[in-house]
Amino acid sequence: QPFWLVLYFCFNLGLTLYNKGVLIHFPFAYTLTAIHAFFGTIGGVFLLKTGIYTPAKLSNADNLALVAFSVLYSINIAVSNLSLEMVTIPFHQVVRAATPIFTIFLSMVLFGSRSSGQKVASLIPVVVGVGLATYGDYYCTTAGLILTVLGTFLAAVKTIFTSILQSPPSLSHQHHSDSLLRYLVPPRLHLHPLDLLARMAPLAFVECVILAHISGELERVRLWSVQEMTPWTATILSLNGVIAFGLNIISFTANKKAGPLSMTVAANVKQVLSIILAVLIFDLSISFTNATGILLTLAGGAWYAAVEYKEKR
């Protein structure tokens, strides 16, 4: 578990910095996501042909559930991008820091699961710490606030559903097979992380292209390509897609081994680590409040990890 979480940190931080550099010259978020999904599709086919994993045999209902999950994945990206246009980045980061709270709430409502008092308490410094670390201009519109909260909720749902799809069937799942729960959550398909990635990538690619077309981004990409596309630019975008493919493999695997709540906490700690890295690389200055928030989030993440380790033992 620690190995995959550390690997997730490294790839996520690297891709975050890479994406920021790419989007400065290639400001097309939907298209960039489609490029990531395209390379995920190619990588998934390659891994399948080389026999790295054996694909599961799924029914039509199972395949339909995966299509629905891919729509959730694409909508999550769309809502996040739309909310960023209406609120400032510090406000967006603070609201997204509440993802672990949504994760605990959804797990309780959908499955009746309970988290220990220590685990819940460890989330408080994580959420408060990210708020202090990103303290700044907290301007937002009403629509922006609604979309940001909705995006945070969808992020928690996506993380939980990713874990469910990779889980083996259980007695509790069979018990709820005839209840309303089966219409709210995907089936437990016990999918290999690479199998899930190979199935999700082509669906996400098509859906992101559709989003780019609806938003008018594809036409802007076409005009940009005529003027700016060079072999070097194509190489940079391709390398970005390869790194994204690697991150997807690590993310799905880490989710399976660590669980959805650990992943949401890891994402929050990664958010603060990216601030630290940006300060070091770009020689930025941070306030005492920001520094306090960084330390508080790291301490909360370490506390949660210690509680998780103790409970699993």
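Me: Is asparagine 76 buried or exposed?
Reply: Buried, at a relative accessible area of 6%. Buried means under 20%, exposed over 50%, partly exposed in between (1.4 Å probe, protein chains only). This is a predicted model: local features need pLDDT of at least 70, side-chain atom pairs count only at pLDDT 80 or more, and totals for chains, interfaces and linings use all residues. Residues are numbered from 1 along each chain as its sequence is written, and side-chain values use heavy atoms, without hydrogens and water.

Me: Which helix is asparagine 76 found in?
Reply: Helix H3, residues 60-84. Helices are DSSP runs (H or I, at least four residues), as are strands (E, at least two), numbered from the N terminus.

Me: What is asparagine 76 in contact with, leaving aside neighbours within four places in sequence?
Reply: Arg96, Gly151, Leu154, Ala155 and Lys158. Contact means heavy atoms within 4.5 Å.

Me: New topic. What is the mean pLDDT of the chain?
Reply: 78, and 81% of residues reach 70 or more. pLDDT is the predictor's confidence in each residue, from 0 to 100.

Me: Which element has the lowest mean pLDDT?
Reply: Helix H8 (residues 171-175), at 49. Helix H11 (residues 217-228) has the highest, 90. Over residues 173-178 the pLDDT is below 50. Where pLDDT is low, the predicted coordinates should not be read in detail.

Me: Which H6 residues are buried?
Reply: Among them are Lys119, Leu123, Pro125 and Val130.
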